[in-house]
Amino acid sequence: MNNFSIWSLMIDISVVSGLLLLGTILRAKITWIQSLFLPASIIAGFIGLILGPSGVNILPFSDQFASYPGLLIAVIFAAIPIGAAKIKIGEIIGRVREMWSYSMLLTLLMWGGGALFGLLVIGQIFTDLPSGFGLILGAGFLGGHGTAAAIGEAFNLHGWEEAMSLGMTAATIGILVAVLGGILLVKRGTEKGHTQFISSFKDLPSEMRSGLIQSDERSSMGSETVSSSSIDPLVLHLSIIAFVVGVAYWVTQLLGSLLPGIAVPLLSIAFVVALIFQFLIRKVKADSYIDQRIMTRIGGSATDYLVAIGIASINVTVVMDYATPLIILFVFGIIWAYLIFRFIGPNIFKDFWFEKSLFGWGWSTGTVAMGLSLLRIVDPELKSKTSDDYALSYIGMVPVEIMIITFAPLLVSIGLPWVMPVTLLVVGAAIIAAYKYFGLWGIGRKDKNYKNVS
C-alpha cells in the first residue's frame, strides 16, 4: 500500500490480530512449539516476518506498519503508574533491597557492558559502525521489543534509521536465548537440587505448556469501577490511556519546536504525564475508580501487538548488512548475561537465589515477561515472592530506564558515546562495593547447594 488511511490501519490491525490468534492456536496444539514456551506474539511475529514484506510478501501491510511500535511503547509506559497503589518508600527499601540491587545491576551491567563492548571491540573491528551500536544489546536483550522500539525511534530522529530493525532483531534473538538457555538452566538446576519448589522439569502444569487455563483455575482480569449505564468500564480505562498518550505526543511536539535538535522519546513524556495524571486523580480522591489490573491488561495487550508487529516489520536486508557485528554482540551478550546469573544472583540473594537469578536470566536476555515465565517453571505458585518484589523494586527502576533510553542516543549524537557506558558501569561497581563493605556480598553462598551452581 502506498497511501495510508483509516482502512489501512484497520487492515494492519486485522492481519496482526489474525496472526496472534494463529499463534495462540499453534501454541495450544503443537507439542514441539509448547516445549519452547514461546509466547503467541513471538510465533505471530515470525509468521508475519515470513509472509510479510521481508519474506514472500503476501500480507497486505501498509507502509506505516513499522511505525506502530513507537506508539505502542508509549501506551505501555503510560499504563505503568496509572492506578498504582500508594506505597511508602521506606516499605519498598526495607522489603526489596536485594531485588532492587539485583535489578539495578542487571540494568547497569547489560546496558553499560554492551555499549562499552561495542566501542572497545566491535567499533575497532568495524570502523564504519555507528558509535551507538553497542546500545542495541541493552535495548534488545534487557529491554525487549518495547525498549528496542524506543531506542530505534530515538536513533531514527538522530539519523540512524536502521536502529529500529537491529533493535527488533536483538529483542527477537534475545527471547530465543532466554527460552532455550532458561530451559537448559532449569533442567540442570533441578538435576543438581538448586530448585526449591520442583524436583523435575516434568512437574510443570499443563497451562504452562499449552497457554490455556482450565475453567476451575481462572481468575478475574479486573473489576467494574463504574456503571455501564454511564460509561463502559473498559472504555473508561482506554480513554485515560488514549488521553495521556495524546497529551504526551502534544508535549513532545512542543519540546521539539522549543528545543530543535534534541529528540525526547514519546515514552518518556508519556510516563511523566501518566505520573502527573495519577497524582491529580489521587488528590481529588478519584483513583479508586481506576483498576490497576485493567491498566496492566491494556499494557499487556499493547505489548503483544508490539512484539508481533516488531518482529514482522524487521528489515532482513538491514540485518544482513550488520550480520557479523550483530553476531559478535549477541555472543558477548549471552556470555555476559550468564556471568551475571552465575556470580551476581547467588551473591546478592539470601533466599531462593536460583529462582530469582533465573528470573534475572530471562529478563536480561529476553524480557521481564520471559523472566516471569521461567520463574513460573521453577516456582509455579510464586512462593519465592520474586514477582512481588520485582513489582515494588521496578518503581525505583523506571526513572533509571527512562534516563538511559532518553539520554544514551542523545549523548551518542553529540559525540559523547563513552559517557553513558562508563557512568553505568561505575555505578554498578559502586553497588557491588557497597554490598561488600556492609558484609552483604556472598549471602547466597551459604546455601548448601551453592557449590554446585552452574
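A crossing of two helices is right-handed if the near helix is turned clockwise from the far one by less than a right angle, and left-handed if anticlockwise. The views below show a predicted model, in which local features need pLDDT of at least 70 and side-chain atom pairs count only at pLDDT 80 or more, while totals for chains, interfaces and linings use all residues. Residues are numbered from 1 along each chain as its sequence is written, and side-chain values use heavy atoms, with hydrogens and water left out.

**View A. Helices H4 and H11 pack against each other.** Helix H4 covers residues 68-79 and helix H11 covers residues 266-283, where helices are DSSP runs (H or I, at least four residues) numbered from the N terminus. Their axes lie 8 Å apart at an angle of about 25°, the axes being lines fitted to C-alpha atoms over the stretch in contact and the angles running from 0 to 180 degrees between N-to-C directions. H4 and H11 are therefore roughly parallel to each other, a term for angles under 35 degrees, just as angles over 145 count as roughly antiparallel. The two helices make a right-handed crossing.

**View B. Helices H8 and H15 form another packed pair.** Here helix H8 (residues 163-191) meets helix H15 (residues 353-365) at an angle of about 160°, and their axes are 8 Å apart. H8 and H15 are therefore roughly antiparallel to each other, and H8 passes H15 in a right-handed crossing.

**View C. Helix H6 is mostly covered.** Eight of the eight residues in helix H6 (residues 135-142) are buried, which means that each has under 20% relative accessible area, whereas exposed residues have over 50% and partly exposed ones lie in between (1.4 Å probe, protein chains only). Among the buried residues of H6 are Leu 135, Ile 136, Phe 141 and Leu 142, as well as Gly 138 and Gly 140. H6 is followed by Gly 144, whose phi is positive, near 85°.

**View D. Three salt bridges are found in the structure.** A salt bridge is a side-chain nitrogen of Lys or Arg within 4 Å of a carboxyl oxygen of Asp or Glu. Arg 97 pairs with Glu 98 at 3.9 Å, N to O; Arg 97 is partly exposed at 37% relative accessibility, whereas Glu 98 is buried at 17%. Asp 291 and Arg 293 meet at 3.3 Å, N to O, and here Asp 291 is buried with a relative accessible area of 9%, while Arg 293 is partly exposed at 38%. Between Asp 287 and Arg 282 the closest N and O atoms are 3.7 Å apart; Asp 287 is partly exposed at 25%, and Arg 282 is partly exposed at 26%.

**View E. A nonpolar patch lies on the surface.** Leu 120, Val 121, Ile 125, Trp 418, Val 422 and Val 426 form this patch, with about 530 Å² of accessible area together. Helix H5 (89-125) and helix H18 (419-437) each give two or more residues to the patch, and the largest share, three residues, comes from H5. Trp 418 sits in the loop between helix H17 (386-413) and H18, and Trp 418 is partly exposed, with a relative accessible area of 41%. Patches of this kind join nonpolar side chains (Val, Leu, Ile, Met, Phe, Trp, Tyr) within 5 Å, and like charges within 9 Å, from residues with over 30% relative accessible area and no salt bridge; accessible areas come from the Shrake-Rupley method with a 1.4 Å probe, and for residues only the protein chains shown count as cover.

Terms used
Angles under 35 degrees count as roughly parallel, over 145 as roughly antiparallel, 65 to 115 as roughly perpendicular and the rest as oblique.
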